[in-house]
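Colleague: Could you walk me through reading a few features of this model? I'd like the general idea and then the case at hand.

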Amino acid sequence: MEITRQTTMGEMLEYDMGIAYVLMQCGMHCVGCPSSIGESLEDACAVHGLNVEAVLKKINEYLAEKKAQ
């Protein structure tokens with residue numbers, strides 16, 4: 001799965017729950033909130049004042065590292 005700015009929080013977490021840890025490390029602590037599930041990564045980052053490109057980079061680094069193992 002390719003994670004993009006438009007991928008919803010629910011889609012990401014369904015794909016790999018480890019992404020929740022990455023998001024929390026970035027400062028997004030509402031990962032389990034039911035209202036966040038339908039939000040895109042871009043919208044969730046905007047709500048939390050986070051740089052979407054930086055968060056997306058960390059998610060993709062996590063997924064690449066996991067795949068390499």
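Colleague: Where does Thr 7 lie?

Modeller: Thr 7 is in the segment before α1 (9-15); helices here are DSSP runs of H or I, at least four residues, numbered from the N terminus. This is a predicted model, where local features need pLDDT of at least 70, side-chain atom pairs count only at pLDDT 80 or more, and totals for chains, interfaces and linings use all residues. Residues are numbered from 1 along each chain as its sequence is written, and side-chain values use heavy atoms, leaving out hydrogens and water.

Colleague: Is Thr 7 buried or exposed?

Modeller: Thr 7 is buried, with a relative accessible area of 5%; buried means under 20%, exposed over 50%, and partly exposed in between, using a 1.4 Å probe and protein chains only.

Colleague: Which residues does Thr 7 touch, not counting those up to four places away in sequence?

Modeller: Contact means heavy atoms within 4.5 Å. Thr 7 touches Met 1, Glu 2, Met 12, Glu 39, Ser 40 and Leu 41 on that count.

Colleague: How are two packed helices described?

Modeller: By the angle between their axes and the distance between the axes. Here α2 (residues 18-25) and α4 (residues 52-68) pack at about 145°, with axes 10 Å apart; axes are lines fitted to C-alpha atoms over the stretch in contact, and angles run from 0 to 180 degrees between N-to-C directions.

Methods
Helix = DSSP H or I, 4+ residues; strand = E, 2+ residues; numbered from the N terminus.
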